[in-house]
Amino acid sequence: MGRGTWSWIVPDGLWEIAKPLIPPSKVRPQGGGTQDTPDETLFAANIYVLVSGCAWRALPPCFGISKSTAHRRFLIWSRAGVWGRLHEAVLHRLDDAGLIDVSRVVLDSAHVRAKKGGELTGPSPVDRGKPGSKMHVLSDANGLPLRVGLSAANTHDSLGLKPMVAHFHIGHESHSDHSKPQRLHADKAYDVPDLRQWLHSRHIGVRIARKGIDSSERLGRRRWVIERTLSWLTGYRRLSPRYERHPRNYLAFLGLAAALCCYKRLGKLAM
């Protein structure tokens, strides 16, 4: 079947950004073998699995590839860091277009059930102790996902702040004040004195809700964007619940989802 039967799954222009990031296929030293499936087809299949949440064995026949080929290439590309670099490439384009606002960043997390267990899972305190993970997301002032992370469900939110914020910058000028977060908004789970001091030492303004003092209604005027971002990400069915036993594979899908969310904003600019 032709490309038109599945091309709808890949947003226009995204493959052109992803293509240079794809590692070349290995050549058999002895020669022979079957012809490789085009990388563009495999890229589309990976997006289809993320969006639909289907098992690899349930890929529609229109892709013309076996489940083992699609899954194996996904693992190879994940180990090569393709999905994280794709997210960064889209962010760089958004930054060049002036569409990223790091004058204010927002941090939050969401629980996802982990049906098959695996690394970075633990008893969820909000799901009757069932195995789960916690998705951490740092967004800009408009809700664009800038950085994503993963931890066990029983990990306190506050432990995710430093890994998500440390060494973060947008664009190529890492030492520019405009490339780093100016203020960080977060809920009361992050109200820890040491974290406030750590942020101050990096010249990042602290807008963290204070326990017993700040009301959630007033702070929600700034933090509602992260709730929408989490909703965008968990709307990709492969992410919620978590099916991947290996955290690297789940983070790969999470990085691809973040890239798609950001690219949609870039696509609106071109319309």
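Visitor: Hi! How many helices and strands does the protein have?
Guide: The secondary structure comes to eight helices and six strands. Keep in mind that this is a predicted model.

Visitor: OK, and in what order do the elements run?
Guide: Starting at the N terminus, they go α-α-α-α-β-β-β-β-α-β-α-β-α-α.

Visitor: How much of the protein is buried?
Guide: Buried residues make up 50% of the 271 residues.

Visitor: And what about the accessible surface? How much of that belongs to carbon and sulfur atoms?
Guide: The accessible surface is about 14,000 Å², and carbon and sulfur atoms hold 51% of it.

Visitor: Back to the inside, then. What's in the largest nonpolar core?
Guide: That core has 81 residues, and Phe43, Leu86, Leu161 and Leu184 are the ones with the most contacts inside it. Helix α8, residues 247-270, gives the most to this core, with 13 residues.

Visitor: Tell me about Leu86. Which residues is it in contact with, leaving aside neighbours within four places in sequence?
Guide: Leu86 is in contact with Leu14, Ile17, Ala18, Leu21, Phe43, Leu256 and Ala259. Phe43 is also on the list of residues with the most contacts inside the core.

Visitor: So where does Phe43 sit, buried or exposed?
Guide: Phe43 is one of the buried residues of α2. Others there include Leu42, Ala44, Ile47 and Val49, along with Asn46 and Tyr48.

Visitor: Why is α2 called largely enclosed by the rest of the structure?
Guide: Because 10 of its 14 residues are buried.

Visitor: What span should helix α2 have, and how far apart are its ends?
Guide: At 1.5 Å a residue, the 14 residues of α2 (residues 39-52) should span 20 Å, and the end C-alpha atoms are 20 Å apart, so the two agree.

Visitor: What comes just after α2?
Guide: Gly53 comes there, with a positive phi of about 80 degrees.

Visitor: Changing topic: where does Ser151 lie?
Guide: Ser151 is in strand β4, which covers residues 145-152.

Visitor: Does it count as buried or exposed?
Guide: Ser151 counts as buried, because its relative accessibility is 10% and the cut-off for buried is under 20%.

Visitor: What does its side chain make a polar contact with?
Guide: The side chain of Ser151 pairs up with the side chain of His136, at 2.7 Å. Not counting residues up to four places away in sequence, Ser151 touches His136 along with Leu120, Ser133 and Lys134.

Visitor: Last one: what share of the protein's contacts with a separation of 6 or more comes from residues 24 or more positions apart?
Guide: Those pairs account for 67% of such contacts.

How values were computed
Residues are numbered from 1 along each chain as its sequence is written. This is a predicted model: local features need pLDDT of at least 70, side-chain atom pairs count only at pLDDT 80 or more; totals for chains, interfaces and linings use all residues. Side-chain values use heavy atoms; hydrogens and water are left out. Helices (H or I, at least four residues) and strands (E, at least two) are DSSP runs, numbered from the N terminus. The expected span of a helix is 1.5 Å times one less than its number of residues. Buried means under 20% relative accessible area, exposed over 50%, partly exposed in between (1.4 Å probe, protein chains only). Contact means heavy atoms within 4.5 Å. Accessible areas come from the Shrake-Rupley method with a 1.4 Å probe; for residues, only the protein chains shown count as cover. A nonpolar core is a set of buried Ala, Val, Leu, Ile, Met, Phe, Trp, Tyr and Cys residues joined through side-chain atoms within 4.5 Å. A polar contact is a pair of N or O atoms within 3.5 Å; within protein, one must be able to donate a hydrogen and the other to accept it, and residues adjacent in sequence count only if both atoms are side-chain atoms.
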